[in-house]
Amino acid sequence: MHATLPRLRASDFPAIRRGGLKTLQANLGYRCNQSCLHCHVAAGPNRTERMDRDTIETMLTTLARGGIETLDLTGGAPELHPDFRDLVSRARAIGARVIDRCNLTILEEPGQEDLAEFLAAQGVEIIASLPCYLQENVEAQRGKGVFEASIAGLKRLNALGYGRGDPGLILGLVYNPQGPELPPEQTALEAAYRARLSEEYGIRFDRLYTLANMPIQRFGSTLISKGQFEAYLQLLKSAHRADNLGSVMCRDLISIDWRGFVYDCDFNQMLDLPLHAGTRSRLHLRDLDLGRLPGLPIQVADHCYGCTAGQGSSCSGALAG
């Protein structure tokens, strides 16, 4: 895989600083039942990295101190971590909002037959990857059979009450472009998703999130191989909107890798750009003083233009209203 950081590190992206912390986003490991082209984690079935029990306990202790509203779980497929259900149950008992970044096909995997019921019983918010409402486009990006399994997963979630307006059973869908282009306008695309999924499959959901593909890891390496990396980066830069800077996710989120080290966001995690707290080059969650976070500078590089280009992009979808 081609290294992308050397092409991104020298950057003119504007300096930004952290605000108050609202979300702890944790990557539980890189094992996944899929290997998607756009995956900025380069996850797959043969990855073995996963968070240990001590780090999970540290996360729960951090949540119990109060002040952090949301635990956002990602991977890989976070549900494949053996302690996923225990972590979710205990975080919910603390009172944290829990988000599961779900690829949908995991709901159809052997051994996960009761996963959807568990998520519903715990009131977990699901943000599910469905990069298009057309089968051929989804399978071009994620592999043969993925679309059918995703639709089956969505129907199962709908049957449990997800996507029907219940604030305790929120179902969001995630769109990624097929290639090196910006996502279309989120509101219009959401309307198209609603119409197509309802008419064709009877599926309902609460919200669509449009995410730009980041020029890092597997997607960035593919762009380099095709000679498209610089052109895509220039597209992101040319579409930069300064008014998106106030809403980027890194202002109120910290990202924890499977080892427990702290980053400003998931993308910086994948580039190995740790959060700088002024004391050491790499900080573990167990040593993090949450009170020192507001005002700290955020590590930036040219990939950050992926969050501010056009309507903006983050783990919560478009930034512009």
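A helix axis here is a line fitted to C-alpha atoms over the stretch in contact, and angles run from 0 to 180 degrees between N-to-C directions. Helices (H or I, at least four residues) and strands (E, at least two) are DSSP runs, numbered from the N terminus.

Keep in mind that this is a predicted model: local features need pLDDT of at least 70, side-chain atom pairs count only at pLDDT 80 or more, and totals for chains, interfaces and linings use all residues. Residues are numbered from 1 along each chain as its sequence is written, and side-chain values use heavy atoms, with hydrogens and water left out.

Let's begin with two helices. The axes of α5 (residues 135–142) and α6 (residues 146–159) come within 8 Å and cross at roughly 110°. That makes α5 roughly perpendicular to α6 (a label for angles of 65 to 115 degrees). On the α5 side, the contact (heavy atoms within 4.5 Å) involves Q135, V138, E139 and R142, and they meet V146, F147, E148 and S150 of α6.

How confident is the predictor? On pLDDT, its confidence in each residue from 0 to 100, the protein averages 91, and 93% of the residues score at least 70. Among the elements, α5 has the lowest mean, 80, while helix α4 (residues 115–122) has the highest, 98.

Now for a single residue. N244 sits in the loop between α9 (229–238) and β7 (253–256). With a relative accessible area of 2%, N244 is buried (under 20%, using a 1.4 Å probe and protein chains only). The side chain of N244 reaches the backbone oxygen of G310 at 3.1 Å.

Technical notes:
Buried < 20%, exposed > 50% of the residue type's maximum accessible area, 1.4 Å probe, protein only. Polar contact = N/O pair within 3.5 Å; in protein donor to acceptor, adjacent residues only side chain to side chain. Parallel < 35°, antiparallel > 145°, perpendicular 65-115°, else oblique. pLDDT = per-residue confidence, 0-100.
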